[in-house]
Amino acid sequence: MKRRKFNQSLAASLAAITLSRGFAYSPHAFGQKKLGMALVGLGNYATRQLAPALLETQMCELKGIVTGTPSKIDQWKKNYDLKDHQIYNYDNFDSIANNDEIDIVYVVLPNNMHKEYTLRAFQAGKHVICEKPLAMNAQEAAEMVAAGKKANRQLFVGYRLHYEPHHREIMRLCQTEEFGKIKFFEGGFGFRAGNPNQWRLKKAYGGGALMDVGIYVIQAARYTIGQEPIAVSAREFKTNPVKFKEVDELITWQMEFPNGLVANCTTSFSASTNHLYVAAEKGFIRLSPAYGYGGLGGYTRKYKFDFPQVNQQALHMDGIVDTLMNGVPHLNVGGEEGLRDMKIIDAIFKSVKKDGKRMLI
Ligand code: NAD
């Protein structure tokens with residue numbers, strides 16, 4: 001009996017700590033009509049993460065799919081109760097303009113197709129969420145941002161971690177200088193890319209580790225340090241020049257921030273790594289794993305994080321709809337944010353070409 005009471009009060013105090021320290025985004029649904037989402041490209045991320053998340057969202061729901069693979073259609077209709085008029089292919093995609101059930105187009109295609117489908121969705125009068133990286137380079141990203149403005153529609157990027165409690169809390173700790181001024185950032189995200197024929201290993205598709213997962217480290221460095229980098233130096237290394245003939249296998253780069261602050265970063269398609277570390281004057285923050293869909297964990301010099309695992313995709317999509325419907329500011333997942341990262345990626349590739357030369361951003 002005593003033990004149960006103790007456990008209950010421990011749970012209550014842990015919850016209180018979580019609430020006081022942490023940020024949990026909760027959508028302002030208030031019984032509003034849900035906005036309709038169309039997923040463009042029914043690959044891994046759309047099938048395994050986004051569509052299931054759309055069954056948990058409170059402010060939006062799946063109202064359309066765009067696919068070039070007819071054999072997928074029956075299963076999607078069955079799983080998500082979709083009707084014939086909600087099924088599109090890449091040729092008739094533009095007629096989505098006539099479908100009032102669809103408010104937002106979510107582009108989940110290989111990176112080289114992001115710009116085309118974002119522009120076509122704006123032309124159809126829809127808001128757009130586009131997966132990361134926003135585009136092939138900064139020039140394309142800038143065109144996408146401009147197209148959204150011209151169409152008077154909003155552009156968002158699939159930066160799901162901005163709605164994740166560990167990341168929210170780390171941003172807060174850094175912004176409020178809880179451990180004093182930041183002195184150093186270190187981060188890495190890499191995994192072993194298996195299939196040698198996948199588009200992620202092809203240059204024309206915007207493949208490579210930096211575009212795919214290095215971008216999370218760029219993001220983390222920027223939102224912990226809270227400033228924009230002024231210069232980068234980067235080098236690329238290959239242990240398998242055959243498999244990684246077209247794209248980067250492993251890049252290490254340093255981003256210089258104002259006041260001499262540096263972020264030391266790694267990305268890889270052959271080595272598994274998944275962490276972020278912030279060293280400040282009076283303490284540190286470590287998160288590892290840091291960037292996955294779940295299982296995130298970490299600690300500071302003083303305590304361990306005890307935040308719940310959340311459905312990042314559901315919170316991210318609801319957060320965006322909250323912006324569109326209620327004007328609640330989104331958590332920095334707009335097109336401009338994607339454009340900033342593309343400028344940094346361009347500079348990293350330039351530096352790699354010049355064998356590590358310092359490039360101003
Ligand atoms: P995937 O290869 O599993 O899916 C891509 C889809 O695009 C497939 O359905 C494929 O049929 C379709 N497609 C249409 N035209 C194609 C063409 N010409 N060549 C190849 N495929 C074509 O890829 P994915 O892992 O789902 O990634 C899609 C996008 O989502 C990428 O931009 C990726 O960076 C992003 N992504 C984001 C996250 C995240 O956590 N935010 C996670 C995974 C992927």
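Is Phe269 buried or exposed, and what is its relative accessible area? Phe269 is buried, at 1% relative accessible area, where buried means under 20%, exposed over 50% and partly exposed in between (1.4 Å probe, protein chains only). The structure is a predicted model, so to speak of local features takes pLDDT of at least 70 and side-chain atom pairs count only at pLDDT 80 or more, while totals for chains, interfaces and linings use all residues. Residues are numbered from 1 along each chain as its sequence is written, and side-chain values use heavy atoms, with hydrogens and water left out.

On to the overall picture. The chain holds nine helices and 14 strands, counted as DSSP runs numbered from the N terminus (helices H or I, at least four residues; strands E, at least two). Its radius of gyration is 21 Å, in agreement with the value near 21 Å for a compact globule of 361 residues; the radius is taken over C-alpha atoms, and the globule rule is 2.2 Å times the number of residues to the power 0.38. Along the principal axes, the C-alpha atoms fill a box of roughly 65 × 60 × 40 Å. Buried residues account for 51% of the 361. Of the contacts (heavy atoms within 4.5 Å) between residues at least 6 apart in sequence, 71% join residues at least 24 apart.

Then there is an open sheet of six strands, ordered β3-β2-β1-β4-β5-β6, with parallel pairing; two strands pair if DSSP finds at least two bridges between them. β3 (87-88) and β6 (155-157) sit at the edges with a single partner strand each, so one side of each has no neighbour in the sheet. Strand β2 (residues 60-66) runs parallel to β3 and is joined to it by two bridges, with Val66 opposite Tyr88 in β3.

Rings of Phe, Tyr and Trp (its six-membered ring) pair if their centres lie within 6.5 Å; planes under 30 degrees apart are stacked, over 60 edge-to-face and the rest tilted. Tyr90 and Tyr117 have ring centres 5.6 Å apart and planes at 75°, so they are edge-to-face. Tyr90 lies in the loop between β3 and β4 (104-107) and Tyr117 in helix α4 (residues 114-123), so this pair ties together parts 27 residues apart in sequence. Tyr90 is partly exposed at 24% relative accessibility, whereas Tyr117 is buried at 4%. Ring pairs also link Tyr90, Phe93 and Tyr117 into a cluster. Phe191 and Phe269 form another edge-to-face pair, 5.3 Å centre to centre with 70° between the planes.
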